[in-house]
Amino acid sequence: MEKNIVIVRGGGDLASGVAVCLHEAGFGVLVTELAQPLVVRRAVSFAEAVEAGACIVDGIPGKKARGVAEALELISEGMVAVMVDPECGSVESIKPMAVVDGRMLKKNLACSFGGKIPFIGLGPGFEAGVNCWAAIETNRGPELGKILWESSPQPDTGQPAAVRGYTRERVLYPHREGVFRAIVTIGEIVEAGQIIGDVQGEPIKSQIRGVVRGMLRDGVYVTPKVKIGDIDPTCEVKRCYKVSDKARIIGESVVRALKSIDHAG
């Protein structure tokens, strides 16, 4: 089992979609996260297990592990193990077949793990052959999911993907630093101008009508740069609880890249 384990850094919606694809392809999966994840699309994120203890993403159970031994036990039972391990120190004990960085930090990162373990980077900040073994394109468009063996994914556009013509209007950020308090929940329909929460008493309003596709966990300390909500103008509630097509495409590319390891060497 240990030879078949892949560690996924980050438990947000994109990384969780990758974890789902890996699990479905027969790999054992350990997701590593922060002690207090800043994840918005919590209904489809394995990071939710850090606070809740357990979660289900697209029918796949995830459970928090208190250490490597427990993580291996959960994986052997067919679950995705989730562990607080921001520095990914578990690599030394588990010796996975590969590591996937799905944190979407969108900045240049130093080479990890000394090149001893196949390391796949998702999106901007990675360059195949320089700071990762392979990189995956994460920008929507004809190149989405492309496996890059020698180059870098497209730079961060700084613009959320358009949904029915809305881009920045869909995404919610606080105006001040402090503790976030949520008023609405994921899956709830909200109107333009409706208060969805507050930070230190300052209300945060939705700019458009739509369904709350993502919402930061209540009680998290935030800064103005932290995304706290995602409003989907389609009002399709089911979209809140399904891994996105984008995450699936990227996840399938990761699986293909890993299956090429034996053939590559």
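Reader: Which side chain does the side chain of Glu 70 meet in a salt bridge, and at what distance from N to O?

Author: It's the side chain of Arg 66, at 3.0 Å from N to O. A salt bridge here is a side-chain nitrogen of Lys or Arg within 4 Å of a carboxyl oxygen of Asp or Glu. Arg 66 is exposed, with a relative accessible area of 76%. On that scale, buried is under 20% relative accessible area, exposed is over 50%, and partly exposed is in between, using a 1.4 Å probe and protein chains only.

Before we go on, keep in mind that this is a predicted model, where local features need pLDDT of at least 70 and side-chain atom pairs count only at pLDDT 80 or more, while totals for chains, interfaces and linings use all residues. Residues are numbered from 1 along each chain as its sequence is written, and side-chain values use heavy atoms, leaving out hydrogens and water.

So what is behind this kind of contact? Side chains of opposite charge can pair when their charged atoms come close. The structure holds 14 salt bridges. Take Arg 248 and Asp 58, whose side chains meet at 3.1 Å, N to O. These two sit 190 residues apart: Arg 248 belongs to helix 5, and Asp 58 to the loop between strand 3 (54–57) and strand 4 (60–64). Helices (H or I, at least four residues) and strands (E, at least two) are DSSP runs, numbered from the N terminus. Arg 248 counts as partly exposed, at 22% relative accessibility.

Another salt bridge brings together the side chains of Glu 191 and Arg 209, again 3.1 Å from N to O. Glu 191 is in the loop between strand 12 (189–190) and strand 13 (195–199), and Arg 209 is in the loop between strand 14 (202–205) and strand 15 (210–215), so the pair ties together parts 18 residues apart in sequence. Glu 191 is partly exposed at 38%, and Arg 209 is partly exposed at 44%. Some salt bridges share partners, and they join Glu 24, Asp 58, Lys 242 and Arg 248 into one network.

Now for helix 1. Helix 1 covers residues 13–24, twelve in total. Nine of those twelve are buried, so helix 1 is largely enclosed by the rest of the structure. Among the buried ones are Leu 14, Val 18 and Cys 21. Just after helix 1, Gly 26 takes a positive phi of about 100°.

Ser 90 is in helix 4 (residues 90–94) and is buried, with a relative accessible area of 4%. Leaving aside residues up to four places away in sequence, Ser 90 touches Ile 7, Leu 30, Thr 32, Val 68, Met 83, Asp 85 and Lys 95, where contact means heavy atoms within 4.5 Å.

Strand 15 and strand 17 run antiparallel and are joined by four bridges. Gly 214, for instance, has Asp 230 in strand 17 as its bridge partner.

Technical notes. Expected span 1.5 Å × (residues − 1). Pairing = 2+ DSSP bridges.
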